[in-house]
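Q: Hey, could you walk me through the pockets in this one?
A: Happy to, here it is.

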Amino acid sequence: MRTSTDYLASLDDDRRVIVDGKPVEHVASDPAFAPIASTIGDLLDLAADPANGMQVHDEATDRAVNRLFLAPRNADDLQSWRDAAQIWADHTHGWVGRSPDHVGAFVAAFSSHPEAFATERGLADNVLAFHRRIVENDLHVSYAIIPPQVSRATTAHAWEGDFIQVGVKEEREDGIVVSGAQMLATGGAVADEILVSCIKPLKAEDADFAVSFTVPVGAEGLTLYCRRPYAPGVTSEYDYPLSSRFDETDALLVFHDVFIPWENVFVYKDVAGLRKQFFETAAHVLGNFQAQIRFATKLKFLAGIARKVAAVNDVDKFPGVIEKLGELASLVSIVESGVNSAQFTATTDAQGFLRPGAQALYGAMGLQAEIHPRVIGILRDLVGGGVLQVPSSVHELVEVATRDDMERYVSSPGISSIDRVKLFKLAWDAIGSEFAGRHQQYELFYSGAPFVVKGYAFRNFDYDGPLASVEEFLASYGVTELAAITEEVTA
Ligand SMILES: Cc1cc2nc3c(=O)[nH]c(=O)nc-3n(C[C@H](O)[C@H](O)[C@H](O)COP(=O)(O)OP(=O)(O)OC[C@H]3O[C@@H](n4cnc5c(N)ncnc54)[C@H](O)[C@@H]3O)c2cc1C
């Protein structure tokens, strides 16, 4: 299986990633991208080591492959799939949203439902071939499936200017030429390929933009405009332990006449087909099952920081603090219970694949926009000013002129100054740094704006039962009793 060495070497291609107005020369060694590339490499190494139990026998190639790239077919499969996703989530403590299993899960589920893709031009076969490429080469695929923010009151066809959202500019015998932009590919700069599509509903007039295709990050004509990376600005790993390792970076994609061969096209000028790929296949549930495993892992980590801070500051005996830690425990448990419940209510679909239970999954996701800010809020509350009663950098802790003051005034019973500052700097990187701010935004939006995610919860909740229950109750009484009472009163 692919290892970090192969992966990091493969990043040395013609990719055009722009930071500060200039192309990055080599992402694998650039201070902005090297840390996350190294983290993704670690994940591949974990999967490649049979001792970690992330592998499964692949019948097509008669060899071991990454379990996460094959859709589960039965309860044992789903358990081992979840275990494997947990190994990767644990490695980053949930701080990397777009590890290769996220889009990997989407494509695994696409391929388990080729009937959701059109047969003309071999589009359904193209999906199967793309999936095999991921399985056999352990590809790290990012995705960009949201149109750029221009106007949300209208869709691409109504926007001023041609091809603002990426669309088909030319159709050729051997493929299509696309131009335009797509909003944000997290991790795109260090991915092998990017799946480009549109999950926001389009209109019939938007057919030119109703495409789904994959593109190598180094494709000619593709540019990735990254928001400001956080890793290069940090003073040390000690000062910013999360920013320095897990900044995935997010990039706007701009296509200038990029050629996409037919074999890389999965949906072509088909508005309904865009929705089918996500929702008729198990892609959206399996991809978000992975996302919730990751999210629960991160919430537990945040709860762990809170628990340790409360212990270090010796406040964990106060009833009010116990109440806050209890609320934190409840919030984390809701998400973990959603994952458990989605696993145990999974159902076999028409193609024989086991789909995590949608009601449980989207039920938990629907509260993410409330749960994450609340968890961060409780942690902020518990750390108090401790996250600012820290030296500017690790230097004050080691320089002869300052270290005695640090040891005397920035410590707590039973913990050294170095360890106390370390903990509070971790807390700050989780709640207050620019990295933390981006994470707040990520958890609110990565699966769609909160109104969109609550829409999934609404559509996947079985309202028939509750409605029937209310109807039955309403039918159990009426105006006759009221009429009798009125007669009594007037008599
Ligand atoms: C950190 C981060 C990483 C991301 N990574 C990826 C990625 O890897 N791949 C990818 O494809 N996308 C990614 N995204 C994009 C993400 O999918 C979008 O942010 C999300 O779908 C919401 O779209 P939007 O940002 O355009 O917000 P909008 O949809 O423009 O919403 C903005 C505000 O307007 C409101 N609003 C908009 N339309 C309506 C409406 N019809 N009714 C009521 N209210 C409305 C929303 O509620 C919200 O308050 C990422 C986003 C973030 C923040």
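A: What follows is a short chat about the pockets of this predicted model.

Q: Great. What volume does the largest pocket have?
A: The largest pocket comes out at about 1100 Å³.

Q: And which residues are closest to its centre?
A: Those are Ile146, Met183, Lys200, Phe445 and Gly448, out of 44 residues that line the largest pocket.

Q: Which elements give two or more residues to that lining?
A: There are helices and strands in the list: α4 (100–111), β5 (141–144), β7 (175–186), α8 (283–312), α15 (434–445) and α16 (450–459). Of these, α16 gives the most, with five residues.

Q: Nice. How do the lining residues divide into nonpolar, polar and charged?
A: For the largest pocket you get 22 nonpolar, 13 polar and nine charged residues.

Q: Which domains does the lining draw on?
A: Domain 1 (4–280) and domain 2 (283–468) each supply at least three residues to the lining of the largest pocket.

Q: Switching over, what about the volume of the second largest pocket?
A: That one has a volume of about 410 Å³. Its lining is made of 17 residues, and Asp58, Leu70, Arg73, Arg132 and Phe353 are the closest to its centre.

Q: Which elements give two or more residues there?
A: For the second largest pocket, they are β3 (55–58), α4 and α5 (123–137).

Note on methods
Residues numbered from 1 in each chain as written. Predicted model: local features only at pLDDT ≥ 70, side-chain atom pairs only at ≥ 80, totals over all residues. Heavy atoms only, no water. 1 Å grid on protein atoms, 1.4 Å probe; cavity = no way out; pocket = protein on both sides within 12 Å on 5 of 7 lines; lining within 4 Å. Points joined across faces, edges and corners; volume = space filled by probe spheres on them. Helix = DSSP H or I, 4+ residues; strand = E, 2+ residues; numbered from the N terminus. Nonpolar A, V, L, I, M, F, W, Y, C, P; charged D, E, K, R; others polar. Domains from an automatic or database assignment.
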